[in-house]
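Some notes on the model follow, for reading beside the structure.

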Amino acid sequence: MRLTEGTQGPWAGVLGHPVGHSLSPVMHRAAYQVLDVGIRYGSEDVEESALADTVLPALRDPSWRGFSVTMPLKSEAIRFADRLTGFAQKVGVINTLARVGDPAQEDQAGGEGRVLGHNTDVAGIVNALSLTGLSAGPDPRAAIVGGGGTATAAAAALHVLGAARCTVFVRDESRAHRVADVADRIGMDLDFEPLDRAPERLKDFDHVVSTLPARAFDEYAPNITGDLGGTAVLDVSYDPWPSELSTAVEARGGTAVSGREMLLYQAVDQIKLFVGQSLVEDLPHQQDVISAMASALGLPARTFVPRTVYDDALLQPRR
């Protein structure tokens, strides 16, 4: 379903490029069916240069409820928010635009509504890694593969999980300035290393988040060495799955976590915002909603109760 398909009722959708592989539509629709809210949810392939052409008309539509924003739009999307949550301000990138307030009253007043920018990727990463049940202690050894917008959220998530220091594997350190910026804001020490060193170094960490696009790590995966027992590696890319990275990690005794898990848990707070609910409270029948979303994503049934991660107090420096 495209974003503009149909003419009645509230709607939302996912924006990105490419976006044809996205499982967000089937997942969100499953959630809205359980919640019985009647929100239509589609997708639109949008390049960064054309983002305004898609977003601005939506903001003027009182039926619009929100956008899930994926790569490469997470930094550019900030300019369409009237305000950011304190959490998003600390992270520095967003993946969610949502209407807040009463759209009917705002429309009658001649306004275009208030648009909130928020980042739910951090919650998705925290819960995807926590789901493994691996105990990494109060100060886990942490690493990120890649240095883009999702890497910025990964640094914040690893901080929430207790990491004081993080190694970032990148091709070009100069292009990872947003990761350096968020690390400075949250008091995390960073070490940058060349991307081609990642295969031999993964064994040295408890938590690893690969933020590279699909297949971007394929050439390095066969070079992974050592015993990865006790290491959890989240590959945020989930198409194809299993990835070459996940297969190599598990062959070395590690725990590979699918990006579908991150997708699932980052969507919980998006859905709260899209249905007009506060981030503070659980969704009605939240575990039933999560179970329906997991089923739509082809994930196993679960009883895991996700941690709420939206308060900027979680991102206060520890040093």
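1. Buried stands for a relative accessible area under 20%, exposed for over 50%, and partly exposed for what lies in between (1.4 Å probe, protein chains only). On that scale Arg215 is exposed at 55%, while Asp218 is partly exposed at 22%. Their side chains meet in a salt bridge, 3.7 Å from N to O. A salt bridge here needs a side-chain nitrogen of Lys or Arg within 4 Å of a carboxyl oxygen of Asp or Glu.

2. The model is predicted: local features need pLDDT of at least 70 and side-chain atom pairs count only at pLDDT 80 or more, whereas totals for chains, interfaces and linings use all residues. Residues are numbered from 1 along each chain as its sequence is written, and side-chain values use heavy atoms, with hydrogens and water left out.

3. The protein has 11 helices and 12 strands; these are DSSP runs numbered from the N terminus, helices being H or I of at least four residues and strands E of at least two. Of the 319 residues, 54% are buried. The C-alpha trace spans about 60 × 40 × 35 Å along its principal axes.

4. Six strands make an open sheet in the order β9-β8-β7-β10-β11-β12, with parallel pairing. Pairing requires that DSSP find at least two bridges between two strands. Four bridges join β7 (residues 142–145) to β8 (residues 165–170), and Ala143 stands opposite Thr167 in β8.

5. Helix α5 (residues 121–130) is mostly covered, with nine of its 10 residues buried. Among them are Asp121, Val122 and Ile125. The buried residues of α5 pack against α3 (86–91), α6 (149–160), β10, β11, β12 and α10 (259–274), where contact means heavy atoms within 4.5 Å.

6. The whole structure holds 12 salt bridges. In one, Lys74 meets Asp121 with the closest N and O atoms 2.6 Å apart. Lys74 is in the loop between β3 (64–69) and β4 (83–84) and Asp121 in helix α5, so the pair ties together parts 47 residues apart in sequence. Lys74 is buried at 6% relative accessible area, and Asp121 is buried at 4%.

7. Arg165 and Asp189 also form a salt bridge (3.7 Å, N to O). Arg165 lies in β8 and Asp189 in β9, so this pair links parts 24 residues apart in sequence. Arg165 is partly exposed at 43%, as is Asp189 at 32%. A network of salt bridges links Glu193, Arg197, Glu200, Arg201 and Asp204.
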